[in-house]
Amino acid sequence: MYKNKVFFIILSAVISLQTAIGQNNTNSPYTRFGYGEISDNTSGEQRAMGGVAIGARSPNRINTVNPASYSVSDSLTFMFDFGASALLTTFSDSPTRRTNTFNANLEYLTLQFRLFKGVGLSAGLLPYSFAGYNYYTEGYKTQHTHNNVPDTVKYTQSFSGTGGINQFFVGLSFDLFNHVSLGANGYYMFGSYDNVRNLLFSNSDYTSTYETNSISVSSFRFRLGAQVYNTFADKHDLTLGFVYEPKLALNGKATQSTTGTVGTQTIDISDGFELPQTFGGGLYYVYDHKLSVGVDYSLRQWSDALYYGATHSLVNSSKLAVGFEYQPNYKGRKFGDRIMYRLGANMSNPYYEVNGVQPGKNFGITCGIGFPLPSSSRTMINMAFEYGKVGSHSLLREDYFKFTFNFSLAETWFFKRKL
């Protein structure tokens, strides 16, 4: 009966996530640049720890950031995880001028189990990037007529964008020499997004212009991962993790349509897009199954990747994250013994420029809590809270509060009951 209920939960999550594909996870004007906001693909537990994941290795959690982690799965356990988030953002271009937006959406769905001894498999649906914004500016333009008389007209310039890129993935990893695990994720990327820009004049004597830039993606990529792990004096577990992605062509098609003084012009671009070479490393330490501490660093070399056929549009981005987790007693019989408490922080720089200037560093402070189900020692309901800052008042500042909820199932399924 319990498995039937869990299966129903999984099926409902799959249907809901399929419905949610293409919905916006943000209202940020910064998603106008590049491919929008790039997802780190961290789970709810990892977000509560500041995004630490590269060195994380647990038989009760799915870690899609480093595919080398899948081999830790035991032979009897099936794992499933789906997450949803809500985002409240305050935008300001001065200390007194502010506006608020709210978004909520299902985000990811993953599963994992062991194929053979020392070989684990994971699969699921993840976001790669998303875009969502709608804003406008107003001003006045003055030009001289043929009689050299100045004529001033009001104009409105509006910007809007929607869409995103999603990805199905399948990952496999295997243990090597008892203390090393190697893994790989293969992704099929799909989706599209539109950026629209309009220039409207209040005087019909002036010609308004409309421009739409659309990118649709149908492409493959892959990620390699490695983890070196060991246990010291029975109570100390240490893992060193690495991830790598090569620079690859992004199979996408871009269409630019402009309507204005010369009628309508459409330009199609079938190549000239690439995904960046990516490096990442992380260290993860666990003391006596109670206290966990991790640190991650990653680098994406966007400046070498083509975007609309050029390499000067995007810039390299990096991220540093640190996180902590505490569980009083994972074998305890009391409910409070098995609650997990998490804390973290991260700092990163964006991969785009605005008017030739890279915005200031972004940062986030996170915390979270995980509640075990009364009938299970490993299945958890997790909540993560994050406060973060993007940009600055000199351009546009975003202060956001993000709440992530995820249901992380880890149950013993694959065994035969004895009568």
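Let's start at Phe 335, which counts as partly exposed because its relative accessibility is 38% (buried means under 20% relative accessible area, exposed over 50%, partly exposed in between, with a 1.4 Å probe and protein chains only). This is a predicted model, in which local features need pLDDT of at least 70 and side-chain atom pairs count only at pLDDT 80 or more, while totals for chains, interfaces and linings use all residues. Residues are numbered from 1 along each chain as its sequence is written, and side-chain values use heavy atoms, leaving out hydrogens and water.

Now for the aromatic rings: the structure holds 22 aromatic pairs (rings of Phe, Tyr and Trp, the last by its six-membered ring, with centres within 6.5 Å; planes under 30 degrees apart are stacked, over 60 edge-to-face, the rest tilted). Phe 82 and Phe 407 make a tilted pair, since their centres are 6.2 Å apart and their planes stand at 45°. Phe 82 belongs to strand S2 and Phe 407 to strand S19, so this pair ties together parts 325 residues apart in sequence. Both Phe 82 and Phe 407 are buried.

Phe 335 joins Phe 371 in a stacked pair, 6.4 Å centre to centre with 5° between the planes. Phe 335 lies in the loop between S15 and strand S16, and Phe 371 in strand S17, so the pair links parts 36 residues apart in sequence. Phe 371 is partly exposed, at 26%.

Arg 57 has its charged end over Tyr 229, 4.1 Å from the ring centre, and Arg 221 lies over Tyr 187 at 3.9 Å.

Definitions and conventions
Helices (H or I, at least four residues) and strands (E, at least two) are DSSP runs, numbered from the N terminus. A charge sits over a ring if NZ of Lys or CZ of Arg is within 6 Å of the ring centre and within 35 degrees of the ring normal.
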